[in-house]
Amino acid sequence: MSALSSDALSQAGAGLTARGWRVFGVWLAALLLVPTVADSYFLSVLTTLLWFAYLGQAWNVMMGFAGQLSLGHSLYVGLGAYSAAALFVHFGIGPWAGVWLGMLVAALAGAAIGVLGFRFRVRGVYFALLTIAFAELTRIGFSHISWLGGAGGLFLPVSQRVNNDLAGLRGTPAMFYYVILVLTLAALLLCRWLLGRRIGYYWQAIREDQEAAQALGIDVFRYKLAAVLISAAMTAVGGVFYAFFYNNLFPEQIFSLSRSIEIILDVLIGGIGTLFGPVFGGFVLTPLGELLTWSLDRAGINIPGAKQFVYGGVLVAIVIFLPDGIWPPLARRLGLTRASSDPVRSSEP
Amino acid sequence: MTNLLEVRGLTKSFRGLKAVADVSFAVPDGAIVALIGPNGAGKTTTFNLIAGAVAPNAGEVLLAGRRLSGLRPDRVCAAGIGRTFQIVRPFGDLSVEDNVLVGALHRRPHVESARAKARAVLELLGLKPLAGQRARSLTLPDRKRLEVAKALATEPRLLLLDEVMAGLRLTETDHMVSLLRDLNRRTRLTILLIEHVMRAVMKLSDRVVVLDHGEKIVEGSPQEVVVDPRVIECYLGAESVA
């Protein structure tokens, strides 16, 4: 880290100060050590947290960086999950080979949406509706494909949960935890790298003003499509993880609109368009939900949907009071990032 | 002098209303040409037709003999035309420097090289002290300068400037005029500008094209144009000649 000048770091879209890097280091060390002390419940909560943070990071590429709103990201989760699971169930092909098929299938679906949307100038809300339509169509379609288990679901044989087999993605909760942690960090690095390159700046220009971007020589169609493809492929990897972690896939669940919304929550709360927002949002929202469940449990109260209700409330508060998300102002206040170094999407037109 | 830009019989109607009707003119290589006329004369539409933002109904645009009409705006930029927008369009959430960087990245795919170019352009336009600010926070005159900086950073052969002096104070106008003239002389940058500030038009342009109701009514040197009765009648008004 010290080899990079502060300038280079800022250009890479990270914008962390020395203090920010220290906090990041402590956070990372803590996450690495968690499995040595945590019980299995705590570990599963963290695994889910990181999974959503990872998906949020992937979604952020499309919306946060390139300004293309997708409300159908469950499509890519499901396609990734089903691709790898089908290869495994029917042909015994492992997840690390299946992930390539998953990424390819998701990218193809993304290409279909992108080409339809961007060629026919479907923008903003209408583009978002298109993404929902694709996810919903796929959900209904998959319920009728008996080769993939149809509506009754596709089940992966659960062999053992004692020995770690990383190649087969079979093993203990701790192994799955480390896998998703590595994926989340890799997504963070990838996004940081992308933001510091031409494509990252072009995406932001397109997000801010498409016509002005085009006047500066940017092939808007190509770069928007690239954002969709990268985001879809990244999301599909999360889907593969899901398939091998939970071992069961139901079209109703995995392609659901509510899943697409859930993917977005962390990013909205952390900060759309920021590098650390998705992960940070996860570390705000999940503990909040867990705390609520725990306290309701202790009080002996059983309110179905209480967690979702609180999530909704938090979201409304964020949208009204902190439209840039919690991370940008907080990180600046605590001196973790340099002023205005983190690319931020404002809600102003 | 050969012509860098040639506009031939350019025509564009919006819902039956002819915004630009059979307009032809040329911009010689290395020249500064001004496009003037009253509001609604079709100046900005002409710009949009040249820049590829709007497709013409008829006519063609040639840059150094190459046909541009029908190309997308990004292709027109690649061909060597940089443009500004009359209603400024900064990338609001990006810093001033990154705004210009986006333009510079067009000919320089590597960020370091593009950033060096962007900084040079910022320096040139006196925007260097504002480099780290968000574009959204700039005042209108600074936004106008940022528009020019973004377009310049794409390293065009022809620069289209749409009312970049509007809203500037007298000294700022003079500064912009000397800057553009300097650029034109040093780098042989060819400029086509839409301008209402006659002070700037007179000082800068080698030739003036006057549009009215979508048609070209007069073309000539600035001195010829300002005394032309047709121009005075439709645009300048009698008092401005003095």
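In chain A, residues 24 or more positions apart account for 74% of the contacts with a separation of 6 or more, two residues being in contact if their C-beta atoms, placed from the backbone, lie within 7 Å. The model is a predicted one, in which local features need pLDDT of at least 70 and side-chain atom pairs count only at pLDDT 80 or more, whereas totals for chains, interfaces and linings use all residues. Residues are numbered from 1 along each chain as its sequence is written, and chains are lettered from A and ligands numbered from 1 in the order in which they are written.

Chain A contains 15 helices and 2 strands; helices (H or I, at least four residues) and strands (E, at least two) are DSSP runs, numbered from the N terminus. The radius of gyration of chain A, 20 Å, is close to the 20 Å that the globule rule gives for 349 residues, so chain A is as compact as a globular protein of that length. This radius is taken over C-alpha atoms, and the rule is 2.2 Å times the number of residues to the power 0.38. Along the principal axes, the C-alpha atoms of chain A fill a box of roughly 50 × 50 × 45 Å. Of the 349 residues in chain A, 48% are buried, that is, with 20 or more other C-beta atoms within 10 Å of their own C-beta atom, placed from the backbone (exposed, 12 or fewer; partly exposed, in between).

The average pLDDT of chain A, the predictor's confidence in each residue from 0 to 100, is 89, and 92% of the residues score at least 70. Over residues 1-13 of chain A the pLDDT stays under 50, and the model has 19 contacts for this stretch beyond four places in sequence. Residues 341-349 of chain A also have a pLDDT below 50, with 28 contacts in the model beyond near neighbours in sequence.

The contact between the chains takes 23 residues from chain A and 25 residues from chain B. On the side of chain A that touches chain B, α8 (198-208) and α9 (210-215) each supply at least two residues; α8(A) gives the most, with 6 residues. The residues on this side of chain A comprise 9 nonpolar (Ala, Val, Leu, Ile, Met, Phe, Trp, Tyr, Cys and Pro), 7 polar (the others, Gly among them) and 7 charged (Asp, Glu, Lys and Arg).

In chain B, 6 strands form an open sheet of mixed pairing in the order β6-β7-β8-β3-β9-β10, two strands being paired if DSSP finds at least two bridges between them. β6 (81-83) and β10 (215-220) of chain B stand at the edges with a single partner strand each, so one side of each is left without a neighbour in the sheet. The twist averages 20 degrees from one strand to the next, with axes fitted as lines to C-alpha atoms (for helices, over the stretch in contact) and angles running from 0 to 180 degrees between N-to-C directions.

β7(B) (residues 158-162) pairs in the parallel sense with β6(B) over 3 bridges, and B:R83 stands opposite B:L160. Parallel pairing over 5 bridges also links β7(B) to β8(B) (residues 190-194), where B:I191 stands opposite B:L159. Because 5 of the 5 residues of β7(B) are buried, this strand is largely enclosed by the rest of the structure. Both of its faces are covered, with B:L158, B:L160 and B:D162 buried on one side and B:L159 and B:L161 on the other.

An open sheet of 4 strands in chain B has antiparallel pairing and the order β2-β1-β4-β5. Its edge strands, β2 (17-28) and β5 (66-67) of chain B, each pair on one side only. β1(B) (residues 3-14) and β2(B) pair in the antiparallel sense over 8 bridges, and B:L5 stands opposite B:V27 in β2(B).
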